[in-house]
Amino acid sequence: MGALENGKYRERNQALSQRVEELTQENRSLRDALDAAEEANRAKSRFLSSMSHDIRTPMNAIMGMTAIGLSHIDEKARVQDCLDKIHTASAHLMSLVNDVLDMSRIDSGRMTISQERFSLADLTHDVAVIVRPQAEQKRQSLRFEIGEIREESLTGDPLRLRQILVNIIGNAVKYTQEGGSIRVCFGQRPAREEGAVWLDFLCEDNGIGMSQEFLERIFLPFERVRSSTVERIEGTGLGMSIVKNLVDAMGGQIRVESEEGAGSRFTVALPLPVARQERERALPAGASVLIAERREDRAVQMETCLRSGGLRPVRLEGGMEAVTYLTEAKYEDRMPCALLLGQELEDMQPLAAAAHVRQLAGREFPILLVSEEDWAQIEYRAVRDGVNAFVPCPLFGSRLLDTLAHLIGDSGENADAAGPRDGDYSAYRALLVEDNELNREIGVELLSMTGIQVETAENGLDAVEKFAAAPAGWYDVIFMDIQMPVMDGYEAVRNIRRMDRPDAGEVWIVAMTANAFVEDVRLSREAGMNEHVSKPVDLERLQDVLCRRLS
Ligand code: ADP
């Protein structure tokens, strides 16, 4: 072979091997794409099969228990037991459906995070009210600690934040044995951007914990620890995945540390803009406020709050001590401007102390109950015993000072003390708008239990016509379904709000719908509804709405 041919041969060879290299590369990327598509497909199939399995389980319970109940219809206790189980299974089914729909919103990029002003105190209180009963049922100690919080009024999506916190704390309660302990802390750090803070949240439990290997998968949908303990606990394996997506969407971070058998620790940090609020609080500078509380941590917290508001705390631990102090103070004309009654006293129940103090100090003297009890449960008795207002724990300074300012300004008139929840609503009239006959029947039945007079409409247009035909003020409240034929609920509300009559803007309209998501709540608010009650509706929720609106 000549040198020329040799050179050509080498060149061709080089071109060929380059081509082979390119083809191999192409092949590799195609194989990667195929692998990724197959993995996505497998994940989808896994998702679908987990979902149908998870839906089937409570459905089975519902159908089975219905059959058992029907075949023992004359045995009251047996039917009651079946109904209780059906109730539990349906609640689980409901949460599964909600989670799956949330996941699909996340997947399709339809998850929006709203930016509205909210109070950290309200958010924490709502979360505590939701998770506390479950912890109490398991006799766990659930402690909320509030670290250094400088900004209580923030901007963000309070409903989504609540979802994150309830999911994490709810899990701590679920995956911690009876009698275990859970500690929840809130704190704040300044953020680099002007006018924003990092909200730090920590939830620590001494429950069953997780292996290191599982921790790597905890944020994947449908992943649950495979153990007989976890399998006995109800769950969908979607909560953590939703939480992670929400935290990411808010620009935050989430970390989990855990040890099997020892417990878990979740930390979340979220950057949130501060909502400026100009608020004038009229508090008498230097005035004394009496605190009666045996719990050291709580008493110190109250003292700090009062000092930050320019007030002077005087601290006692017992009810009798407080009564003696106030008797002398009254005699010597140096009454404190209010009494903060804590959750634990040395010698008596706080409400008993309230009753004594009320008798001695007269009608005008402000008595505040500062406690982590559920106000709805104790309100009736507390008001009867002379408590003027309730400040929930975990304690936020602004909440306490606002309530105090309000009470002192009102010279002791009832501030938060509304009437009892189960009032008599027979003088009021509701319009229930619902297209589904069965749901209409349930709605009428539940509403009638509160005593209110109920009229019905079968779709949005029917409701608009009934409203237009009725004299002004005829309806006190309208419960409006959303998805209806002829005219949907949003359209109907817009039509009602646009009418030229005095009650068009005033009538209280409550969305009563299966669309139970945060976005739906927002949509109904935008359409002009005042409140949102998600289906399945329960009597307590209806009473709550009526109580706030009509009492
Ligand atoms: P689930 O509906 O099963 O509770 P999540 O997505 O909320 O689903 O949590 C996924 C899994 O992570 C749980 O099934 C459980 O195995 C584990 N897990 C979550 N939180 C904790 C915790 N605090 N302690 C122990 N295990 C936990």
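**Ligand shell and a helix pair**

A backbone N or O atom of glycine 237 lies 3.0 Å from an oxygen atom of the ligand. That is a polar contact (a pair of N or O atoms within 3.5 Å). The model is predicted: local features need pLDDT of at least 70, side-chain atom pairs count only at pLDDT 80 or more, and totals for chains, interfaces and linings use all residues. Residues are numbered from 1 along each chain as its sequence is written, and side-chain values use heavy atoms, without hydrogens and water.

**Ligand contacts**
- Asparagine 171 places a polar side-chain atom 2.8 Å from an oxygen atom of the ligand.
- Glycine 239 has a polar backbone atom 3.1 Å from an oxygen atom of the ligand.
- The protein covers 98% of the ligand's own 540 Å² of accessible area (Shrake-Rupley method, 1.4 Å probe).

**Ligand shell**
- The ligand is surrounded by 21 residues (a heavy atom within 4 Å).
- Asn171, Tyr175, Arg224, Thr236 and Met240 are the closest.
- α4 (158–174), α7 (239–249) and β7 (263–273) each supply at least two shell residues; helices are DSSP runs (H or I, at least four residues) and strands are E runs of at least two, numbered from the N terminus.
- α4 gives the most, with three residues.

**Helices α9 and α10**
- The axes of α9 (residues 319–331) and α10 (residues 350–361) come within 10 Å and cross at roughly 10°; axes are lines fitted to C-alpha atoms over the stretch in contact, with angles from 0 to 180 degrees between N-to-C directions.
- The two helices are therefore roughly parallel (angles under 35 degrees).
- Gly319, Val323, Leu326, Thr327 and Lys330 in α9 meet Ala353, His356, Val357, Leu360 and Ala361 in α10 (heavy atoms within 4.5 Å).

How values were computed:
Angles under 35 degrees count as roughly parallel, over 145 as roughly antiparallel, 65 to 115 as roughly perpendicular and the rest as oblique. A polar contact is a pair of N or O atoms within 3.5 Å; within protein, one must be able to donate a hydrogen and the other to accept it, and residues adjacent in sequence count only if both atoms are side-chain atoms.
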